[in-house]
Amino acid sequence: MSRTMGDSHKRFLQTIMSNGIIGASQAVALHKHCCETHGERLDDFINVINTQLQPFFMHIRKGMSEEDGLEYYALVNVTETDITRMASDYADNELELFRKTMDLIVDSESGTASSTDILNCADSLRTKKLKKKETELVLNKFVQDKWLKEKDGEYTLSVRCIVEMEPYMRTIYQDLIKVCHVCHNIALQCQMCETPACGIKMHLPCVARYFRARSDPRCPACNDFWPHEIPEMRHSQSQSSQNLPSSSKENTAPTPSRRSRRT
Amino acid sequence: MSQRKKAVSASQNKTQRRSQVSLDEDDEDAHFSQITSSQVQRARENYTSDQIDRKVAEVVQFILIKDQKKIPIRRADIGKHVIKEYKAIYTEIMNRVFRKFDQVFGLKLVEIDSKNHIYILINKLEPIHGEPVNMRPGNPKTGLLFVILSVIFMKGGVVKENTVWNTLKKLRVDPGEKHDEFGDVKKVVTDEFVRQKYLEYVKIPHTDPVECEFRWGLRAEKEVSKLKLLDFVGELFDQDPQSWTQQFRDASAAETSSQRS
C-alpha cells in the first residue's frame, strides 16, 4: 500500500537532509519545484517519504517556531531517548554542556539562558571542563548547526531543536516543563497567567492567534484579565492556522528505541 | 576529541558503547571470502525477514552517519560494527542496502577501491534547472576544492604542490597564513581533502628537500564530472571548452566510462 518514491520525493528528501530544517514556505516552493505530478498536496507528498523513512527511524516532522509562529519541516530522529543525533557531531563534554544549557533554558521563566550562566556551567562539567574560549566556539557550533539561537548574549532552543527533541524533553523533564494551553506543545518562551491558582502558559504566537480581534483579553482557563501585551499576528501565521499542532500527536508514538542519523 | 570515533559509535544502539579497537583489516575482511554457499543457505533460514530488514536499515544508518563526515566506508567496518553475526548473508544484505539507497534517497553506493573494499555515497539525481538556490547550503571549502581540482585536471592530472600553492596565493589564499574562512589552509588541502579522498598528496621519490604532488582522489574521480569542470573553466576564461583538445578528450572519455559503470 505504500507508494514508492519518485525522483521528486528523493530530491525533496535530499534537500531537507542537507538543510536539517526548512520553512513551510520553502517546503511549498521546493515541492512545486521537485514535483512531476501536479495537484498533490504537500502533506500527502511528505507522507509518502515518511513511510519509506520509517525503517530508518527518520521522520519529516512539522513544528511551529515559538518566536515567529511560522511552521517548519524538520528531519528528525525518531527515538525514545537521548540526544543521539547530535552524538555523532559533538564530543562528550560538548553534549554535556548542551544538556546543561537545556536545563537552564527549561528552568528559566523567559525560556533563555545567558552566556554568563552557560560559561559557569562549562566550568563545572563532569566530563571535561571547557575554557571560556572553547565554550564560545562550542556555542557558535550549536548555533550554526541550528540547535540554539542567540540574541544579545541570550540563548534559546531553536525550532529545530524543539521539533526534534520534544519527546526526549518531555521524558526527561516531565511535569517540570511548561506546556502551551492552546496548542499543547512545549512552551519555553511564553506568557503566563498571573493568577496564582491558574498559571497557564501560552506561546506568544498562540496568544496572538487566540486573542485576535478581542478587545478584552481574558485567560481561557480562569477568566481573569490577561495582563500581558498581546502581540500582533503575522500574516503567514494566519494562513497556516489549520495545520497547527501535528507534532503533538507524534509525541505519543514511540518507536523502537534505536538510533538513527543524519543531516 | 575524535569526531570519527563519534560517527562510528553513534550509529549503534544507544545502550551499547563500542570502543574503537584497532583491527587487522585483512583478518576481518577475509571472512567474507571464506563463507560457503551452504552456510549462506543455513543463515538465510535462521533469520526472519524482519530481522534481515532491520539489519539492512542499520547498515543504511551507519553509512549515512559516516558519509556525513565524508569518510569513506570500509566493508570491514560494516561487517564488524553492524552486520556482525549476520555475516553469512552479507551479500544479500548489501544488495538490499544498494537498492534502498537508490529507491529512498536517490543515492548511489559506489566502491572506489575494489581491493580494500571501500565505499562512498554519491548523488544519483541530476540537478534540475531553476532549483531554489538558497536550498543548498553552500560550503566555501567546495569552492576551494574545485579550484584545485581544475588546476590539476587542466595540467594533465598531476601537479607539483607548488603549482597549487601559487594558484591559491593568487586568489589571496595563502597556505602559510591563517585564512579567515578556511583556517589552516595547508591542513584543509593536504589532510582533510585527502582523508575525504578528494585529493591525493604523495611524495615525489628522490626529491630533496621532499616535494609532493597532487592528483585527483578516488572520490573526485567518481563524484566530479570532468566535462562539467571543463565547462566551468571555459566560462572562467571565456573560451570554448573544446579549444583545450587534450583535456576535452580526457573529459569525454571519463564521462563515457562512468556512464558505463
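Guide: Chain B exposes about 14,700 Å², and carbon and sulfur atoms supply 47% of that surface. Accessible areas come from the Shrake-Rupley method with a 1.4 Å probe; for residues, only the protein chains shown count as cover. For chain A the accessible surface comes to about 12,400 Å², with 49% belonging to carbon and sulfur atoms. This is a predicted model, in which local features need pLDDT of at least 70 and side-chain atom pairs count only at pLDDT 80 or more, while totals for chains, interfaces and linings use all residues. Residues are numbered from 1 along each chain as its sequence is written, chains are lettered from A and ligands numbered from 1 in the order in which they are written, and side-chain values use heavy atoms, leaving out hydrogens and water.

Visitor: What percentage of the residues in chain B is buried?

Guide: Buried means under 20% relative accessible area (1.4 Å probe, protein chains only). In chain B, 42% of the 261 residues are buried; in chain A, 54% of the 263 residues are.

Visitor: How many helices and strands does chain A have?

Guide: Helices (H or I, at least four residues) and strands (E, at least two) are DSSP runs, numbered from the N terminus. Chain A has 11 helices and eight strands, and chain B has 12 helices and eight strands.

Visitor: At what angle do H1(A) and H2(A) pack?

Guide: Two packed helices are described by the angle between their axes and the distance between the axes. Axes are lines fitted to C-alpha atoms, for helices over the stretch in contact, and angles run from 0 to 180 degrees between N-to-C directions. Helix H1 (residues 7-19) and helix H2 (residues 24-34) of chain A pack at about 145°, their axes 9 Å apart. On the H1(A) side the contact (heavy atoms within 4.5 Å) is made by Ser8(A), Arg11(A), Phe12(A) and Thr15(A), and on the H2(A) side by Ala27(A), Leu30(A), His31(A) and Cys34(A).

Visitor: In what order do the strands of the open sheet in chain A lie?

Guide: Strands of a sheet pair through backbone hydrogen bonds, either parallel or antiparallel. Two strands pair if DSSP finds at least two bridges between them. Here the three strands have the order E4-E6-E5, with antiparallel pairing. Strands E4 (113-114) and E5 (148-151) of chain A are the edges, each pairing on one side only. Four bridges join E5(A) to E6(A) (residues 154-157); Lys151(A) has Glu154(A) as its bridge partner in E6(A). Helix H7 (residues 132-144) of chain A packs on the sheet, touching E5 and E6, and its direction makes about 110° with that of E5(A).

Note on methods
Buried means under 20% relative accessible area, exposed over 50%, partly exposed in between (1.4 Å probe, protein chains only).
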